[in-house]
Amino acid sequence: MDFPPWMQRAIQARLDEVTARIEHDPELSRLRGGTDEAFEVLFAGKDVEQRPEYIEWENRYIVSKGIENERLYMQGLRDGIQLTVSLLGQSKSMPEESDSEG
């Protein structure tokens, strides 16, 4: 199913808005800060993957990305439900075409 261009633009604008809001979320900013610190410590030495600093960075990164993805998913779900309810409300207010003509 192809969406009309205006709807594609509206969906993209909403995605951009939600992404920007999540990028500035205080809890995620705190988690990202911890991830960045762990990443800097990680590359201070050699044999990176065997170091506990790498494991800590990897864990922090996975947690922060998981929270970010969960929030994006939940917002998308809420937006989808809201769009569906809105479209269903519009279809109920539209007059039905009758099949019995003539």
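Buried residues (under 20% relative accessible area, 1.4 Å probe, protein chains only) make up 18% of the 102 residues in the protein chain. The model is predicted; local features need pLDDT of at least 70, side-chain atom pairs count only at pLDDT 80 or more, and totals for chains, interfaces and linings use all residues. Residues are numbered from 1 along each chain as its sequence is written, and side-chain values use heavy atoms, with hydrogens and water left out.

The protein chain holds 3 helices and 0 strands, in the order α-α-α from the N terminus. Helices (H or I, at least four residues) and strands (E, at least two) are DSSP runs, numbered from the N terminus.

A search of the whole structure finds 6 salt bridges. A salt bridge places a side-chain nitrogen of Lys or Arg within 4 Å of a carboxyl oxygen of Asp or Glu.

Arg60 bridges to Glu56, with the closest N and O atoms 2.9 Å apart; the two residues are 4 apart, about one turn of the helix. Lys65 meets Glu68 at 3.7 Å, N to O, and these residues are 3 apart, again about one turn. Glu68 is buried at 13% relative accessibility. Salt bridges that share partners also join Arg14, Glu17 and Asp79 into one network.

How values were computed
Buried means under 20% relative accessible area, exposed over 50%, partly exposed in between (1.4 Å probe, protein chains only).
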